[in-house]
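Hello,

Here is the structure I promised to pass on to you. Please open it alongside this email, and my notes on what was found follow below.

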Amino acid sequence: MKTKNIFKKPTDNAIIYMLFGSIFLPFFFTALILAFASIYIIVNKKIVGCFGKNGGFWVILFSLYCLAISVINLNLIGFAATLAFIALVFIAKFIRKFITLDLLEKGLDVTCIMAVVTTLFCLIDFVYNQFILSHKGVYRCTLYFFNSNYLATLFATVIIICGYKLLNHKRKPIYYYLIAIFCALGAYLTGSMFVWVEVFIGCSALLLLTRKHQLLSSLFLLAATFVIVLYCIPGILPRINESNITTDNRIIIWKTTLNAISDATPIFGKGFLSYFHIKDNYPGSYNTAHSHSIFLEPILSFGIVGTIFIVIYFWYFYKRVRVCRNAQHKYCISSLILAVSFAIFVHSTTDLTFMWIQTGLFYCLIFASIGVEEKFLKIEN
């Protein structure tokens, strides 16, 4: 006797649109939608057979490993983060299997619209703080995103997506230029300094990968002009006078991380967000959630063993991205994935903004969109 599906109304398409639309919602709503989507995927067996291909075994092994070392080290927040990571893995596999070009484009448009709405909220928050509350300190818009740097990263990624849209949808160029301008304004209000480097790297990589050399030259000229203006008028960029303080804080974090790695065995790690778990053991450590370094975080949190597991998985993933990229498919989705990857990597040398609910989900959705090109090339995903 067949069991009835307890989910009758939600469809795969609706779930995908919900996920794209949840990126700019308050993080607790994003978490609820993430949990709902995961339950929907598991109950309806939407990803049966997906983990035996293209490195799926390694990401499952990595997940189980992280659960184990979190329990062994009594790292409760790491255990919770691992559960969230597993949910993201299920969603990424689901998206990769069922995403189509139409769903992807409409999903990205939903996120772009939500980014514009969020910018309007940022402006309201700015006016309220500066003119009604007469805020005296340095203003940094956070809204309901827990950290202003997470919000800045979301805006930066949408700007890169606007670049992708402009290269592929020439019918509505003004529409995406306006969205990019709105997102740049939102990023400015967050007070993030490194976000502009992230935007520059991502857009430059996108133009280089799509062989838009003239536009790339124009971007470099624009960036050089901005640097000159910034040198002449330093105050044009928020918090530029605090760069020394920010650098000093990073150095404190990195020293604490190195001490923690040397004090314990670097073979196994202590689970996700190990810095937050061990920081109180080191007097004078900076109060934050992670090590702010993509080079130090894997060894501290996962050890050499766990790092090998996740590196092998991403080796399989980027190998597939390269196959799609070399096929020269007219919809440069693989180029978008690579451009976002370069932007993440560069930003992650000083901050791990991808380690959060909204940013992590956003990147999962973008990376899983490789499924569109895999379907076009008729290769297994």
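Before the helix pairs, a word on terms: axes are lines fitted to C-alpha atoms, for helices over the stretch in contact, and angles run from 0 to 180 degrees between N-to-C directions. Helices (H or I, at least four residues) and strands (E, at least two) are DSSP runs, numbered from the N terminus. This is a predicted model, in which local features need pLDDT of at least 70 and side-chain atom pairs count only at pLDDT 80 or more, while totals for chains, interfaces and linings use all residues. Residues are numbered from 1 along each chain as its sequence is written, and side-chain values use heavy atoms, with hydrogens and water left out.

Let's start with helix α3 (residues 56–72) and α4. Their axes come within 8 Å and cross at roughly 165 degrees. The two helices are therefore roughly antiparallel to each other (angles under 35 degrees count as roughly parallel, over 145 as roughly antiparallel, 65 to 115 as roughly perpendicular and the rest as oblique). The crossing of α3 and α4 is left-handed, a term used if the near helix is turned anticlockwise from the far one by less than a right angle, with clockwise giving right-handed. Among the α3 residues that meet α4 are Phe62, Cys66 and Leu67, and the α4 side includes Phe79, Ile86 and Lys93 (contact means heavy atoms within 4.5 Å). By class, this contact of α3 with α4 has 10 nonpolar, five polar and one charged residues. Here Ala, Val, Leu, Ile, Met, Phe, Trp, Tyr, Cys and Pro count as nonpolar, Asp, Glu, Lys and Arg as charged, and the others, Gly among them, as polar.

A second pair to look at is helix α8 (residues 195–209) with helix α9 (residues 213–232): they pack at an angle of about 160 degrees, with axes 9 Å apart. α8 and α9 are therefore roughly antiparallel to each other, and α8 passes α9 in a left-handed crossing. Phe200, Cys203, Ser204, Leu207 and Leu208 in α8 meet Leu215, Leu216, Leu219, Phe220 and Ala223 in α9. That contact has nine nonpolar, one polar and no charged residues. In the loop between α8 and α9 you will find arginine 211, which has a positive phi of about 60 degrees although it is not a glycine.

Now the aromatic rings. The structure holds 30 aromatic pairs; rings of Phe, Tyr and Trp (its six-membered ring) pair if their centres lie within 6.5 Å, and planes under 30 degrees apart count as stacked, over 60 as edge-to-face and the rest as tilted. Tyrosine 175 and tyrosine 176 form an edge-to-face pair, 4.8 Å centre to centre with 80 degrees between the planes. Tyrosine 175 is partly exposed, with a relative accessible area of 33%, whereas tyrosine 176 is buried at 1% (buried means under 20% relative accessible area, exposed over 50%, partly exposed in between, with a 1.4 Å probe and protein chains only).

Ring pairs also link Phe27, Phe28, Phe29, Phe146, Tyr150 and Trp356 into a cluster. Phenylalanine 146 lies in the loop between α5 and α6 (148–168) and is exposed, with a relative accessible area of 56%. This phenylalanine 146 has a positive phi of about 70 degrees although it is not a glycine.

Happy exploring!
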